[in-house]
Amino acid sequence: MRVIVKLFASLARFSSSIQSGVPFEMNLPASATVHDLVTQLGIPSEETKISFVNGLIRDLDWVLQQGDEVGIFPPIGGG
Amino acid sequence: MQAGVIPFGDGKGAIKLIHEIGKGTPLGRILASGTDVTGKIYGVTHVPTVKGQSMPAYEPRAVKGIGITYATTTMGADHTAGYTIAPEILGVAGKVDPLSPEGKAALSRGFQTATAFIDSSGHCLFIAFPILDIASGYQGMIDECNGVFGTNWTADDVGAYGAAVLKKERAFNEAAGIGKEADRVPEFMKTEPLPPHNQIFDISDEALDSVFKQL
């Protein structure tokens, strides 16, 4: 299935073709979780802090669906 | 965008408007005067400010503790004055539900007093993350202060010191004509639900006033 992903701040370094906050498409197996997405991108799960799926905060074990929009932040704070 | 000068989502248009500021055109001068003034001139009400300070990053309806900080701090809407995002979103110093109003006035008060101490003792605010999550870190800060300043502070003194600083700030604002009627979020946040959680800012005026009343 296809999902749309944004990696924020320092997480963008895990792919040379990805810019922070710019959406890109990913193909995942059916019933993939946020954790599967993070693993497929080569991001250690402890580097992620907050994941949003369609605007709502979800845990890493949240099961994704076709067309979901996923945003992932490292541990950061600020305004 | 609310006034229709450029459409919502027009990022390039927003950048062009910033350049108007540099050119010193009448529109540029309006924008340079800030969010509050721009909203008044265009007669729009969806203006996210408190005490003339435009809100950074967080929406009061989705994170109610930071909304209380925005409303009540003497700084105007300032997330750094009492960063309840730490427990409400990041799970630092515990985890609380950002959508719940329960206990949030006390939470904001606690963060505002701790922050006033951190600011006044010459520390970077970012020490808050380790010292709030690690008990020995908190005591380490107190020991450090005592070593540097020659004081004999305990954890109770930290809270009392912070509260004293805030009371002074408050007295300054009140003498300048900024009283508790300014400790409010914009009207529209109290009546219009914000998707996706569809919350309004349902913190009462009494709860907001209690932040400083119970210092």
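User: Two strands pair if DSSP finds at least two bridges between them. How many bridges join β1(A) to β5(A)?

Analyst: This is a predicted model, in which local features need pLDDT of at least 70, side-chain atom pairs count only at pLDDT 80 or more, and totals for chains, interfaces and linings use all residues; side-chain values use heavy atoms, with hydrogens and water left out. Residues are numbered from 1 along each chain as its sequence is written, while chains are lettered from A and ligands numbered from 1 in the order in which they are written. Helices (H or I, at least four residues) and strands (E, at least two) are DSSP runs, numbered from the N terminus. β1(A) and β5(A) run parallel, and the number of bridges joining them is 4.

User: Which residue of β5(A) is the bridge partner of Lys6(A)?

Analyst: β5 of chain A covers residues 69–73. One of its residues stands opposite Phe52(A). For Lys6(A), the bridge partner in β5(A) is Gly71(A).

User: Do β3(A) and β5(A) run parallel or antiparallel?

Analyst: Ile50(A) stands opposite Phe73(A) in β5(A). Phe52(A) stands opposite Gly71(A). With 4 bridges between them, β3(A) and β5(A) run antiparallel.

User: How many bridges pair β3(A) with β4(A)?

Analyst: In this pair, Val53(A) stands opposite Leu56(A) in β4(A). The sense is antiparallel, and the number of bridges is 3.

User: Which residue takes a positive phi in the hairpin of β3(A) and β4(A)?

Analyst: Most residues other than glycine have a negative phi, and most peptide bonds are trans. In this hairpin there are 2 residues between the strands. The loop runs between β3 (50–53) and β4 (56–58) of chain A. A phi near 50° belongs to Asn54(A).

User: Is Asn54(A) buried, partly exposed or exposed?

Analyst: Buried means under 20% relative accessible area, exposed over 50%, and partly exposed in between (1.4 Å probe, protein chains only). The relative accessible area of Asn54(A) is 43%, so this residue is partly exposed.

User: Where is Ala93(B) found?

Analyst: Ala93(B) is not a glycine, yet its phi is positive, about 65°. Ala93(B) is partly exposed, with a relative accessible area of 36%. Its place is in the loop between α5 (85–90) and α6 (104–120) of chain B.

User: Which peptide bond is cis?

Analyst: Look at the loop between α10 (187–191) and α11 (205–213) of chain B, where Pro196(B) is found. The cis bond has omega near 0°, and runs from Pro195(B) to Pro196(B).

User: How far apart are the end C-alpha atoms of α8(B)?

Analyst: The expected span of a helix is 1.5 Å times one less than its number of residues. Helix α8 of chain B has 15 residues (135–149), so it should span 21 Å. The value from the model agrees: 21 Å.

User: Within what arc do the buried residues of α8(B) fall?

Analyst: The buried residues are Met141(B), Ile142(B), Cys145(B) and Asn146(B). Seen down the axis, they line one face of α8(B), because they fall within a limited arc (taken from the directions from the helix axis to the C-beta atoms). On the other side, Ser136(B), Gly147(B) and Val148(B) are exposed.

User: Which residues does Gln65(A) contact, leaving aside its neighbours within four places in sequence?

Analyst: Gln65(A) is exposed, with a relative accessible area of 56%. Gln65(A) and Val3(A) are 62 residues apart in sequence, but 7.5 Å apart in space, C-alpha to C-alpha. Contact means heavy atoms within 4.5 Å. On that basis, Gln65(A) is in contact with Met1(A), Arg2(A) and Val3(A).

User: What is the relative accessible area of Lys64(B)?

Analyst: Lys64(B) is found in helix α4 (residues 64–72) of chain B. Beyond its neighbours within four places in sequence, its contacts include Glu88(B), Pro98(B), Phe201(B) and Asp202(B). Lys64(B) is buried, with a relative accessible area of 0%.

User: Which residues lie nearest the centre of the largest pocket?

Analyst: On a 1 Å grid over the protein atoms alone, a pocket is an open set of points where a 1.4 Å probe fits, with protein on both sides within 12 Å along at least five of seven lines; lining residues have an atom within 4 Å of a point. Grid points are joined across faces, edges and corners, and a volume is the space filled by probe spheres set on the points. The largest pocket holds about 1100 Å³. Its lining has 45 residues, and nearest the centre lie Ile50(A), Phe52(A), Ile57(A), Phe73(A) and Ile89(B).
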